[in-house]
Amino acid sequence: MKNEKIKNQYRINEQIRVREVRIVGDDGSIVVPTRQALDMAHDQGVDLVEISPNANPPVCRLIDYSKFLYQQKKRQKEMKAKQVKVEVKEIRFGPQTDEHDYQFKLKHAKEFLTDGNKVRAYVFFRGRSILFKEQGEVLLLRFANDLEEYAKVEGMPSLEGKKMFLYLAPKKAGAAKKSQQARDREAAEAEAKENSTQQQTQEIDVETPANGGLLANAKISADALKKLTESED
C-alpha cells in the first residue's frame with residue numbers, strides 16, 4: 001500500500017504534459033521542451049521523473065524510476081528513524097504526599113522533561129480522601145511551579161473521577177527561563193557555600209597561623225634549647 005502511494009505521487013514520461021521542464025542533475029540544471037527531455041531519457045535508457053510539479057517550470061530528473069522509488073523509500077525510512085518519539089510519563093501522588101516522596105517524584109519529572117517527554121501528574125483520591133481535593137490541587141500547582149524552568153503547563157489541574165490531572169510539556173532547548181524561586185534558591189545556596197568556605201578558612205587560620213610551620217618549629221627549638229640550658233646548670 002505504501003509503495004503504491006509513493007508510485008502515484010510522481011508523474012513519469014508521457015504522463016508529464018507541460019510544455020517545458022527543468023532537468024536537474026549533478027552538473028546543474030537546464031530548461032528544455034518536454035519532448036526533448038523525453039528523447040534524452042530514451043537515449044540514456046532511463047525515465048523522466050517529475051519531482052517538483054509546482055515549480056515553474058516543473059522540475060524533473062533523468063533516472064530509472066525503480067531506483068528513484070527505492071531512494072525515496074530509503075529517505076523516508078531514515079527520516080522516520082530520526083524523529084524523536086515523545087512519550088507521556090505518569091507521576092502519581094496521594095493527597096497527603098510527604099515531602100521526601102514529593103522531592104523524589106519531582107526529580108524524576110525533571111529527568112523526563114529533560115529527555116523531551118511529556119508528564120501527566122495526577123493525585124489519586126481513594127475513598128473519603130476526595131474531601132482533600134483542594135489539597136491535591138495545591139500540590140499539583142506547586143509541582144507545576146517547581147518545574148517552571150523545565151516545562152510549560154498544557155492544562156490546569158482538573159478532576160476526572162477520582163483523579164486530578166496536570167499536563168506538562170517540555171520547554172524547547174534554550175527557551176527555559178529560571179523562575180524567581182529557583183534563582184532565589186541558587187543565590188541562597190551560593191551564599192551558604194561561601195559562608196561555609198569562610199568559616200573553614202577561619203578555623204584553619206586559628207589552628208595554623210600564617211607561617212605556622214616555621215613558627216611552630218621555632219617554638220619547639222626554643223623550648224628544647226631552654227631545657228638543655230637548664231640541665232647544664
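## Terms and basis of the model

Two strands are taken to pair if DSSP finds at least two bridges between them, and the strands themselves (E, at least two residues), like the helices (H or I, at least four), are DSSP runs numbered from the N terminus. On that basis, strand E1 (residues 20–25) and strand E4 (residues 59–63) pair in the parallel sense over 2 bridges.

The model is a predicted one, in which local features need pLDDT of at least 70 and side-chain atom pairs count only at pLDDT 80 or more, while totals for chains, interfaces and linings use all residues. Residues are numbered from 1 along each chain as its sequence is written, and side-chain values use heavy atoms, with hydrogens and water left out.

## Chain overview

The chain has 7 helices and 8 strands, and 26% of its 233 residues are buried, that is, under 20% relative accessible area with a 1.4 Å probe, protein chains only. Where contact means heavy atoms within 4.5 Å, residues 24 or more positions apart account for 57% of the contacts with a separation of 6 or more.

## The four-stranded sheet

Strands in the order E2-E1-E4-E3 form an open sheet of 4 strands with mixed pairing. Its edges are strand E2 (28–33) and strand E3 (47–52), each of which pairs on one side only, and the twist averages 40° from one strand to the next. Helix H2 (residues 34–44) packs on this sheet, touching E1, E2, E3 and E4, with its direction at about 120° to that of E2; such angles run from 0 to 180 degrees between N-to-C directions, and axes are lines fitted to C-alpha atoms, for helices over the stretch in contact.

## Glutamate 50

Glutamate 50 is found in strand E3 and is buried, with a relative accessible area of 3%. Leaving aside residues up to four places away in sequence, glutamate 50 touches Tyr10, Arg11, Ile16, Pro58, Val59 and Cys60. Asparagine 13, 37 residues from glutamate 50 in sequence, is 8.4 Å from it in space, C-alpha to C-alpha.

## Packing of H4 and H5

The axes of helix H4 (residues 99–114) and helix H5 (residues 133–146) come within 11 Å and cross at roughly 45°. Therefore H4 is oblique to H5, since angles under 35 degrees count as roughly parallel, over 145 as roughly antiparallel, 65 to 115 as roughly perpendicular and the rest as oblique. Residues making the contact include Tyr102, Leu106 and Ala109 of H4 and Leu139 and Phe143 of H5.

Terms used
Buried < 20%, exposed > 50% of the residue type's maximum accessible area, 1.4 Å probe, protein only.
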